[in-house]
Amino acid sequence: MKQLTRRLRPYAHLLRLHQPIGGFLLLWPTLWALCLAGEGHPSWKLVFLFSLGTFLTRGLGCVASDIADRHFDGLVARTKKRPLVTGEVGLKEAFALLLLSCILALGVVLQLNALTIKLSIIGLALALIYPYAKRVTYWPQGVLGLAFSWGIPMAFAAQMNQVPAIAWLLFITAVLWPLAYDTMYAMVDREDDRHIGVKSTALLLGRHDRLFIAAIQTSFMALLILLGFLLKLQASYYLFLSLAASLFVYQHYLIKDRNPERCFRAFLNNSWVGALLLLGFVLGMHPL
């Protein structure tokens, strides 16, 4: 058993099973959408399928990213021990794992209606395009925002068999969130990225990075307030919105000196933001 565990560990690391933060950051907006589409009572079958599909999609996205970045990761302190860099997993094995992940994700998607299946094609394309975005644009964080928010129209399509205007407003709102937290993430690797020649908002913005993050987070909160007003959500929603805003303030405290370790902690803190907003949506749909 120990030998099997040791053999499978590099594949688990390739899928980032030991770092579930990315899966949660991808999952929270999808759960927000399911809650709103189901008027506070989403289908539990859909909650299960989307949760499973989210983590499968995140895994295949990580494998695709490691394949794309295999020549760069060894030059970055944070990624130099990834399995494709160390040789623990070969390129052919990584492609096989990517194919298997796609097949499993397809199996989940096929349990959903035709509109959701069509939308999932765009979601898969975004997941596979993202790793290459930093080669051509200083805004790969924008591509990540699109990829990490695409579960929103899919969730509405699955629950309602349509994607209403409010879903697209939630989608636009959610796209802003990764722009902020992934810029914090990029601040961790800024000097390594500069050296190897890949692009990010952290490199583009330089000393204006914190101001940019604050502006994006403020816009994100403003749109969430607008959503609450349009959906006539209860006061409890705004309470949790305030708690999420306080976490943003804490994140700015962490990144004030641009210390890589503290910037990474600020990035990780965003999963709590997503959880608080989900509680806000759930409780805001029901009078206390």
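The side chains of Glu93 and Arg7 form a salt bridge, with N and O 3.3 Å apart. A salt bridge here is a side-chain nitrogen of Lys or Arg within 4 Å of a carboxyl oxygen of Asp or Glu. Glu93 lies in helix H5 (residues 91-109) and Arg7 in helix H1 (residues 2-14), so this pair ties together parts that are 86 residues apart in sequence. Helices (H or I, at least four residues) are DSSP runs, numbered from the N terminus. Glu93 is partly exposed, at 31% relative accessibility. Arg7 is partly exposed too, at 43%. The cut-offs are these: buried means under 20% relative accessible area, exposed over 50%, and partly exposed in between, with a 1.4 Å probe and protein chains only.

A word on the model. It is predicted, so local features need pLDDT of at least 70 and side-chain atom pairs count only at pLDDT 80 or more, while totals for chains, interfaces and linings use all residues. Residues are numbered from 1 along each chain as its sequence is written, and side-chain values use heavy atoms, with hydrogens and water left out.

By the salt-bridge rule, the count comes to nine. Now follow Asp66. Arg16 forms a salt bridge with Asp66, and their closest N and O atoms are 2.7 Å apart. Arg16 sits in the loop between H1 and H2, and Asp66 in helix H3, so the pair ties together parts that are 50 residues apart in sequence. Both Arg16 and Asp66 are buried. Asp66 also meets Arg82 in a salt bridge, at 3.4 Å from N to O. Arg82 lies in the loop between H3 and helix H4 (83-86), so its pairing with Asp66 in helix H3 ties together parts that are 16 residues apart in sequence. Asp66 counts as buried because its relative accessibility is 1%. Arg82 is buried as well, with a relative accessible area of 16%. Through shared partners, salt bridges join Arg16, Asp66 and Arg82 into one network.

Stay on helix H3, which spans residues 44-68 and holds Gly61. Gly61 is buried, with a relative accessible area of 15%. The C-alpha atoms of Gly61 and Pro131 are separated by 8.3 Å, yet the two are 70 residues apart along the chain.

Next comes empty space. Rolling a probe the size of a water molecule over the atoms shows where such space is left. A pocket is an open set of points on a 1 Å grid over the protein atoms alone, where a 1.4 Å probe fits, with protein on both sides within 12 Å along at least five of seven lines; lining residues have an atom within 4 Å of a point. The second largest pocket holds about 180 Å³ of space. Its volume is the space filled by probe spheres set on the points, which are joined across faces, edges and corners. Helix H2 (21-37), H3 and helix H15 (270-284) each give two or more residues to the lining of this pocket. H2 gives the largest share, three residues. Among the lining residues are Leu31, Trp44 and Val282. The lining divides into eight nonpolar residues, two polar and no charged.

Tyr138, Trp139 and Leu204 make a nonpolar surface patch of about 280 Å². Patch residues have over 30% relative accessible area and no salt bridge, and nonpolar side chains are joined within 5 Å. Leu204 lies in helix H11 (residues 201-205). Leu204 counts as partly exposed, at 39% relative accessibility.

Definitions and conventions. Nonpolar A, V, L, I, M, F, W, Y, C, P; charged D, E, K, R; others polar. Patch = residues over 30% accessible without salt bridge, like charges linked within 9 Å, V, L, I, M, F, W, Y side chains within 5 Å. Areas by Shrake-Rupley, 256 points an atom, 1.4 Å probe, with all protein chains shown as cover.
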